[in-house]
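Keep the viewer open as you read.

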Amino acid sequence: MLKSKTFVKKTRKGGVLKVVREHYLRDDIWCGSAACGECPQDKPVLEAEPEIDSSLCGFPHYLIPDTNVVLHQMDVLADSAIRNVIVLQTVQQEVRHRSGTTYQRLRDQSNNPDKNFYVFTNEHHRETYTEREQGESSNDYNDRVIHVATRWYNKHLQENRKDGDAPKVKVVLLTNDRENREKAQKEGLLAYTVHQYVKSLSGNPELVDRLAQVDMGESTDSDIKNESTGRVLFPEHLPLSQLQTGIKSGRFLQGSFMASRENYLEANVLVHGDESRSIFIQGHAHLNRSVNEDVVAVEMLPEDQWKCPSSMVLQDKDGDEETSEPDLGSPKARSNAIPSGRVVGVIKRNWRPYCGVLQPSGIKEATRHLFMPAERKIPKIRIETRQAETLQGQRIVVSIDGWPRNSRYPKGHFVRKLGEVGDKDTENEVLLLEHDVPHQPFSQAVLNCLPSTPWGITKEDLACREDLRDLPICSVDPPGCTDIDDALHYLEKPNGNVEVGVHIADVTHFIRPNTPLDQEAANRGNTVYLCDKRIDMVPELLSSNICSLRGKEERFAFSCIWEMTKDAEIVATRFCKSVICSKAAMTYAEAQMRIDDKNRNDAVTFGLRGLNALAKILKKRRIDAGALTLASIEVRFHVDSETHDPIDLETKELRETNSMVEEFMLLANISVAKKILSDFPSCAMLRRHPQPPPSNYDILIKAGKSKGVDIETDTSKSLAVSLDQATIPSEPYFNTLLRIISTRCMMQALYFCSGTLPESDFFHYGLATPIYTHFTSPIRRYSDIIVHRLLAVSINADKSFPDLLDKYKSQALCNNLNFRHKMAQYAGRASVELHTQLFFKNKVTEEEGFVLFVRKNAVQVLIPKFGFEGTIFLKSQDGRGVDSPFVFNEEESSQTAGDVKLRMFDRVVVQITVETSHIQHQKLRIRLVKPEVPGFSVPPVATSDKISEPPVKKVKT
Amino acid sequence: MCHKIRHPRYWLIVPFKMAGLEIISDQGYRIDGRRSSELRKVCARMGVFTQADGSAYIEQGNTKALATVYGPHEVRKGRGKIQHDRAVVNCQFSMATFSTGERKSRPKGDRRSQEMSMHLRQTFEAVIVTELFPRSQIDIYVQILQADGGNYCACVNAATLAVIDAGIPMKDYVCACTAGFIQDSPLLDISYVEESAGAPFLTVAMMPKSEQIVLLEMNSRLHADNMEKVLDLATQGCKDVFAVLDRHVRDHVSESHALMTAS
């Protein structure tokens, strides 16, 4: 059965252990070329006559890249122009070892039939296997292996041509290593650098821009020193081996690098394995070329060099290469110094392609340009491009290639163009890309999994479900909601108790495990809501039609039905798959009207009143247990129906009915969590919300003290109570502001798999419940789909499947869901920001605001009406400005100018405009109007006396 | 038939190991170059010793095992063990000190060896026609000379050949094979590296002609949906092993026959 010889490969592991592995050589590995008449292969991947216009290689050819080319020039290889590439197993394995993301991209290429990438398993091929020579370094060995394979291909393709007349196909080796290339050329192989090759592609000049700027192997250390600038701006990174020993011995600490959003010269490193510990890093040299999210090694500074974070807001403004640093540290304030360190080396870069704009350059013909990323935590990137002129005013994507010691900025290359700056579609695209939201249309494979329309309920369906079509079920949702995933009912039972049901769309009936549809949904994780757009997790047919529990239509549901006393004590809980027919799909306002309308007494209205009464009891009980009510301001934009530009905005109003629906959803989630945990102790998907460390509350306590209010933060209960008591009659907004600040002290709630944590960690702090999960929104969250499946198995309504019960896979899924959830939130906020900007375009608006934080050179102001937060710079950014009348008092967090003192919670009036001077990077600018500070505040605009009037009416454009 | 479930202690390290090694590539090749349903190379010799009544040596890839059979003879130690209607089968499993990467003195009576001996005894009691030899004993000694995954299988296969060499009547050959379920695909005859990936694997010993399972062992959790796939593959593996062993037996017999007629 095996036509192979046995070889024994000996490797050393851990220095001492000898590992003996078998290595079978095969003669049934085919070459993958359609031009070959010898290999009996079904579907050759490589084309018989590969076509690409190259002035260097004017004949049909395949490419063989070496490892470094794949690692550094993936953007070129991923371009649709580059096809017919042979990826050697040796190369693939080395790439896999060195960079997971590049390996993934390489795999994507080889799985894409249009790219004609063929993976040749050369190490198991009888003729291309090469034994390692004594004393040969692994680099030399790999080079030799690649040469052997290249030579074999040349010979093989020449000797076994299918069609004698067809032009000979040759293979071209791409390597940037000079030595390797010379060796190959000596052996008579065709070898070029990627740069030579790409520049010779006459049909695709734009590819040149995508070349990464690092020339590995070409420029040695001596080259760098000999460069004209000759300056070395950064300390050297220590080699990985030294970092590892340092980390082991405890001299260095490993952690993720988190750049500060406010100040580009500051960052924190979150130490791995000790989540509460973070190290502060300040200044160019200490940051040492780390980029946000890198995994770095940090050395602690001696305690007398510890710094305190400057309370300054600092943005990298000027494009000069000067290294002068604004004075950040206030060494006097020793008492506030926090553990500080410096980055000694980078363990793993976590670079990704970044969106942004090109910074306009003074010289027109220049090819070297600076790129400004949209994400403020990312430094500017230097790129080389010949199309700067066409790229001005465009949103582009750029990748970082490297960051040499003598360059102030990292070097990168252009990847692609997105569209015009300020254009809403482009900006939306940027937003989605920056937050890594998968937003491509659903693929055909996914759409094939959908049920055929028109869809209807069959007899078989009814046989295995409870028929609840006669119950007075109704749904209550925000206006304009098309993906209705929950409905409720209420009935009084003869024994004096009541029956309450929560009916959730039965999405898992349609999304079966491991189908392309399921995998796509698992990857997307949730539906992302932008102001003017919804990025669905599942195709629209399901989300807005078949699964949506629309009024007066028969739908499948997963029901959770309780028997309760009238005091909302649960007597019994049961779960079932059902068929329902919602009697009415209402908005919150409509439901509220029905409840209030004394003349209506139909079953639905009766139910609503009953539910409302129960919800009030439930809510009170929950709050008594210590559940927090936090505040955040949400706004809704009214959008022009034609231009889709925002024309008005309002803050979302909360009605009794909102909280009514919410209470029952919480109750359902808790009931389901208990059920699945008891049936699947090690693989239930739950949601936890850890208690924040006490230090998180410092800012809240300080804020309270400034107004003479004590905030207790020992438990969620005491926090809730002290928040309730913290009211100042003269300042009605004070309480809301406090709640907004406390929201920011909280930790993220997380999905997790019950088998991975001790039970004491299951706690949900914000809701004050020992166990919680998500069950009620399977249309827009994938976690709910998993919970539905678990629950279906535990009530014997469905089969289980392997991945559902595997706690490692489940936890891996949770990690993805947590990431997607966070990103969806950020994307949502960014979308609001974008729309706010569009809204204020060409307008000058004045509005009331409250000081939320006082910084060294700025105050941050919250404008409740629009729900956004802006920064008023009080001093020029380098902090040395003498033009400002303000004096900062760190002790009591205040800024004083003459007799005007700005403190936390102070009411101010600000003027909002969109800064247009800087066309590249539009942003909102807010300026102080009141209190008046001569020489600083701006005079109010003519209509300023009518501040309270909605802005739309003021400025009609 | 023996089926036991134990909680594997090594599960915690699984994620790291998975990331380190790609057990099966996208092209369908395993670390050593085999495809998922291919056995390792099997070499066997029968009649390696003349003192014993039967003996055999087998190599399955890098796993090497030696089996010797004595008997049937009268029960020597422990008269109490005598069975009046059949022969007793006595099995002893051991591992050579040099069989693994690190030299380690291995006492014969340790728990794992005892368990292995017991499994072997159960296997061979089921296939040897013991009723033909009442009040007697058959000894099977198996030693692993080199271990590289699938030790039990190599022992069973070697012992089968040795029992045949000893001329003891059996209902059928008994062939053993492992099959694992790693990275969502079933793999046949898993080697030590693949075993240590931490994924579940199944050991099957069966009578290939009648497809009767003599022993089935798995030490970790595997979802019922996947069980069938893995078992099918293992069954196929046992049949493949049978084909190889059968050819060796026939070659051996015709060789001996040729020698005898020549003399």
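Before we point at anything, a word on burial: a residue is called buried under 20% relative accessible area, exposed over 50%, and partly exposed in between, using a 1.4 Å probe and protein chains only. What you're looking at is a predicted model, so local features need pLDDT of at least 70 and side-chain atom pairs count only at pLDDT 80 or more, while totals for chains, interfaces and linings use all residues. Residues are numbered from 1 along each chain as its sequence is written, chains are lettered from A and ligands numbered from 1 in the order in which they are written, and side-chain values use heavy atoms, with hydrogens and water left out.

Take chain B as a whole to begin with. Its secondary structure comes to five helices and nine strands, where helices (H or I, at least four residues) and strands (E, at least two) are DSSP runs numbered from the N terminus. Reading along the sequence, you get α-β-β-β-β-α-β-α-β-β-α-β-β-α. The C-alpha atoms of chain B sit in a box of roughly 55 × 45 × 40 Å along the principal axes.

Now for the charges. Side chains of opposite charge can pair when their charged atoms come close. Here a salt bridge is a side-chain nitrogen of Lys or Arg within 4 Å of a carboxyl oxygen of Asp or Glu, and over all chains the structure holds 50 of them.

Staying in chain B, look at Glu194(B) and Arg30(B), whose closest N and O atoms are 2.9 Å apart in a salt bridge. Glu194(B) belongs to helix H4 (residues 192-195) and Arg30(B) to the loop between helix H1 (14-20) and strand E1 (42-46) of chain B, so the pair ties together parts that are 164 residues apart in sequence. Both Glu194(B) and Arg30(B) are buried. They also belong to a network of salt bridges that links Arg30(B), Asp32(B), Arg34(B), Arg40(B), Asp148(B), Asp189(B) and Glu194(B).

Chain A has its own pairs. Glu520(A) and Arg524(A) meet in a salt bridge at 2.7 Å, N to O. Why are the two separated by about one helical turn? Because they are four residues apart in helix H15 (residues 516-524) of chain A. Arg524(A) counts as buried, at 5% relative accessibility. Another pair is Glu553(A) with Arg555(A), closest N and O atoms 2.8 Å apart. In that pair, Glu553(A) is partly exposed at 30% relative accessible area, whereas Arg555(A) is buried at 5%.

Glu49(A), Glu51(A), Asp53(A) and Asp163(A) form a negative surface patch. Patches are made of residues with over 30% relative accessible area and no salt bridge, like charges being joined within 9 Å and nonpolar side chains (Val, Leu, Ile, Met, Phe, Trp, Tyr) within 5 Å. Asp163(A) is in the loop between helix H5 (138-159) and strand E6 (170-174) of chain A, and its 42% relative accessibility makes it partly exposed.

Let's finish with some backbone details. In chain B, the peptide bond from Gly71(B) to Pro72(B) is cis, with omega near 0 degrees, and Pro72(B) sits in strand E3 (residues 63-74). In chain A, Asn288(A) has a positive phi near 45 degrees without being a glycine. You'll find Asn288(A) in the loop between helix H10 (284-287) and strand E11 (295-300), buried at 0% relative accessibility. Ala768(A) is not a glycine either, yet its phi is positive at about 55 degrees. Ala768(A) lies in the loop between strand E30 (750-753) and helix H23 (782-794) of chain A, and at 17% relative accessibility Ala768(A) counts as buried.

Methods
Accessible areas come from the Shrake-Rupley method with a 1.4 Å probe; for residues, only the protein chains shown count as cover. Lys and Arg count as positive and Asp and Glu as negative; His and the chain ends are not counted. The place of a charge is taken as NZ of Lys, CZ of Arg, CG of Asp or CD of Glu.
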